[in-house]
Structure formats: C-alpha cells, structure tokens
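I opened this notebook to record what I looked up, going from salt bridges to helix packing, then to a hairpin and some backbone details.

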Amino acid sequence: MLRRLLVAALIAAGAAHAADLPEPVARLMQSSNIPPEAAGIIVMRGDTVLVSHNPQQSMQPGSTMKLFTTLTALEQLGPVFRGRTELRSSAEVVNGVLQGDLILRGGADADFNEDVLGHMLQALRNQGIRRIKGDIIIDRLLFTPSRPDAGQPPFDEYPWAYYNVIPNAALINTNLLKVEMRSTGNKLSLVMLPEMEKVSIRSEMKLTDAACASWENGWRTPDYSRKGDRIEVVLHGSFPKDCTKSTSINVLDSQDFLARLLLAEWSKLGGSLSGEVREAAIPVAPADATPAPVATTRLLAEHVSRTLPEIVRDTNKQSDNTLARTIFLSLGSLEADPQLGSKPLPPDAGGASTSMRAETAIRAWLQQHNIDGNGLILDNGSGLSRSERATPAQLAALLQAGLKSLWMPEFLASLPVAATDGTMRRRLKESPAAQRARLKTGSLTGMIAIAGYVQDANNQPCIVVAILNDAHVANGAGRAVLDELVDWVARSGN
C-alpha cells in the first residue's frame, strides 16, 4: 500500500519536476498544431518518473478505457470464468413433443453463434424432442435493462458498423449479417449468411465503373423493411462492376435476429414449433425472489464460452467494443462458478442497473489498489463513448497494478504488440519498439491514446500513457506523436 501511495505521489510531483516533454515529441506536436494543454502523458521506469505532463487531467481516453474493464474482470471474475447459454423447460416430453415452453436463457456468452445454437438444438433432437408444443422464450433478463440498446441514439453515422453493436445477455453472432456481393457486368448477386427464417436481402445499389478497391466509397447505410412476417434487408448506394467483396452489417433488431435464426436452425433439424418465439417478460416479484424460470425448470442443453483470459485477449488485441461491453455488464450481473463457469449475482435490492453495478465493481477494485477514482467517468466500459473520462495518472496506476496482479501474464498477453498484432500490427515497424512494446490503443474523432508497457534500451519495462484530445490529431498527426513517444522510450536508458 505504501509503495502504491508513493507511486501516486511521484506522478503528482512529476507534473512540476519531471523533464519537459521529449524534444522530438514536443516538436512534432508543435508542427501539428496540437497544443500542450491537449496532452496528458506519463512515462515511468520503476518508481522513476521520466515524463509527467498534465497527469491529473481528466480526458477522453477512447479504448484505453478497456483496461479498467478487463483488468478488473480478470481479478474479480478470475481466469476460469465463462459466460453460458442454456436451453431449459419445465414441460415433460411425451412421444417426442415438449408439452410446454422452451426457454433460451442468455448468460453473456461471448461465443454464442449459429454453430453453437445448432449443436444445442441437436441436443434436443438427441433427447427425442421433435416438436415444441408451447413457445420458445428468449430470456435476456440477466441484464437490467434486458435490452441496453433499446431507445439508444446512434453513436455515429455508421449504426450498421460492427463496432456499434450493443450487447444483451442473449446476443448471437454479434448480431452481424455477413453479406457477400458479386457483380458481373451489369448484374449484382448477393448472398446473406447466416440463413434465417423469412429473411431475404435485396439491392438498390447502382453499379458503377469505380475501382473495386474503393467499393466502400459508394456504400450507404443499409436498412430493412417488414411485409407481414417477412423481413427484407435492403442495400443502398453504389457498387463497382466486376467486383467481389464481403462485409458484415448490424441492421436487424436483436430479437428478430435470434428468433429467425433459431427457427431456421430448428427447421433444418426436422423440428417444429406450435407456438411463437417471444421475449421473456420481466417478472413481478420481490427483489430477493428467485426467478421462476430458473427455480422450476430443468436444463436440456448448455454452452459455455471460452475462458475469460481468451475473451479478454480478443477484446484488447482487436479493441472489440461489443466484447468489452459484454465483460463490463458481466461485472454487474455474474460471478464465477467453478463448475458452471458463471452464475447470476443475487438481485440488487436497490434496483440498480447492471451498468451501475459494473461501475461499482470497478470503483471498488480501484479503491482496493489505492487508485484515486476522481475524474474517472464510466459509461459502458469500452471507450466508445463521448462521456467516459480518465486521467493519465489513473491509467498509469492501473498499469502498475497490472504488473503485480496474479493474472499479470494473462493481462499482458491481451495487449497488442507493436509491429506484430492487433491494433498495433502496422505501427512502429522501423522502431526499436517493434515487438518490445505492448500497448492498448484508443481513438475517436478528436482524440487518440496509448497505454501500456515499453521496454527501453536496457530491457527495463517502462509504463507509458499518452492521451491527446484535440481536433488536430486527425489524419495521422496524433498517431505520429504517440509513435514518436514510444520510439523515444524504446531508445532511452543508454
């Protein structure tokens, strides 16, 4: 504890006494018109503060916010934590007919996809079930609210993009449709995957003579329309002639996606359904009551995700917002279970939302590690937010705690390696930092950041945090400044 307090004091003192910003970094900021007050930077080697510039400034951190979510999750949920999906029912099976409802219970399973669903439904067929007499009920009640996406305004002008998917407890295939587009002459053919019950795709795109490599320039926001019980996905914009490309889009409502996919998979297996697919109603019960669907049902099939360290690796390496938000919401809804992988937390007597409980978990972890939470603003735990804030000092203290964590190897293994993989794979290839820096990146319009570890010229690990909040970081200018800082750290120590 004393050592951590000492580190915090050193960072604070460094604001006044550490050396100025490295000359090449300051020069590059000046030439790019990025003002000094727009930067928050800390570089530490052990307890020595090498650079400290605006360390206590609360700033927009972008995806470096994922470090708070993922390290807290590793320490609070543990390395054997797994999300899970279940098929349950209270009905008996008579002559191949399930005499009541089938419940699909979502449990923040990050690996839930159509293959998993197919195997779970096959397990029903293996038990002799060929028809479901009641309804199929989708239970997303693990999260409060059960549909965090409902009523949310689009984050940006690309609501269909993969990074904008908002999770729920029964999210399947990350709600993404894969669309394969192939144009030959004046004809465009489309293939949509996965196949869904009564869902089709159509194009209103105009074929042009543009280069195939620039096909995205003609892309416009897709949408879908309903005609009775049928859904038609519609593509807009233009597409080059004699071109083949594929993309993934988030256009269908989450309930439509799972319901139509479930019906298609069940039909492929020869199964039938007498009722409908519907969402579970929120139970009216005392806060401490056990939900009836769990207490009175039996397990028919289940799936558990990969372990948390594997999910954290995918989250940080690729800066996956949906996975980060799933982990964040898991912190507010689940606890580890050595047999099951995970189980729901007891209901909150005060009626707090899942996001509020997740924030409480992260702030409690910060307090345990004597990290000052002032200036930290949590929204969804991914950094894809205009309201989230953190200070460079908080990120530096978190990285210090990461080096001392029981799960330090798993945490470090999740960070992108410079010039090697993840979001750092194309950066610093000609620098001594190549393969010697593990850095979480972050970027939004008007901001860019890095936070992680860089080995110096003597192979000593240095903590590096740098955040730039200014419109002039656009067009690669901010990235150049951050890469210059990392390069300077990698060359230091001689």
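**Entry 1, salt bridges.** I began with the charged side chains and found that the structure, which is a predicted model, holds 26 salt bridges. I then picked out one of them, in which the side chains of Glu23 and Arg27 meet at 2.4 Å, N to O. Both Glu23 and Arg27 belong to helix 2, residues 23–31, where they sit 4 residues apart, about one turn of the helix.

Staying with helix 2, I looked up its packing on helix 12 (residues 477–491), and noted an angle of about 175° with the axes 9 Å apart. Since angles over 145 degrees count as roughly antiparallel, helix 2 is therefore roughly antiparallel to helix 12. From helix 2, Pro24, Val25, Leu28 and Met29 make the contact, and they meet Ala480, Val481, Glu484, Leu485 and Trp488 of helix 12. I sorted the residues of this contact into 8 nonpolar, no polar and 1 charged.

In the loop between helix 2 and strand 1 (39–45) I came to Asn33, which has a positive phi of about 60° although it is not a glycine. I marked this down because most residues other than glycine have a negative phi.

Next I turned to helix 3 (residues 66–77) and helix 10 (residues 392–404), whose axes come within 11 Å and cross at roughly 30°.

How do strand 19 and strand 20 pair, in the parallel or the antiparallel sense? I found that strand 19 (residues 334–337) and strand 20 (residues 341–344) pair in the antiparallel sense over 4 bridges, and that they form a hairpin with 3 residues between them. Asp337 stands opposite Gly341 in strand 20.

The bond from Thr144 to Pro145 is cis, with omega near 0°, and Pro145 is found in the loop between strand 8 (136–139) and strand 9 (177–184). A cis peptide bond also joins Leu193 and Pro194, with omega about 0°, and I placed Pro194 in the loop between strand 10 (187–193) and strand 11 (199–203).

Terms used: Residues numbered from 1 in each chain as written. Predicted model: local features only at pLDDT ≥ 70, side-chain atom pairs only at ≥ 80, totals over all residues. Heavy atoms only, no water. Axes fitted to C-alpha atoms, helices over the stretch in contact; angles between N-to-C directions. Helix = DSSP H or I, 4+ residues; strand = E, 2+ residues; numbered from the N terminus. Pairing = 2+ DSSP bridges. Salt bridge = Lys/Arg side-chain N within 4 Å of Asp/Glu carboxyl O. Parallel < 35°, antiparallel > 145°, perpendicular 65-115°, else oblique. Contact = heavy atoms within 4.5 Å. Nonpolar A, V, L, I, M, F, W, Y, C, P; charged D, E, K, R; others polar.
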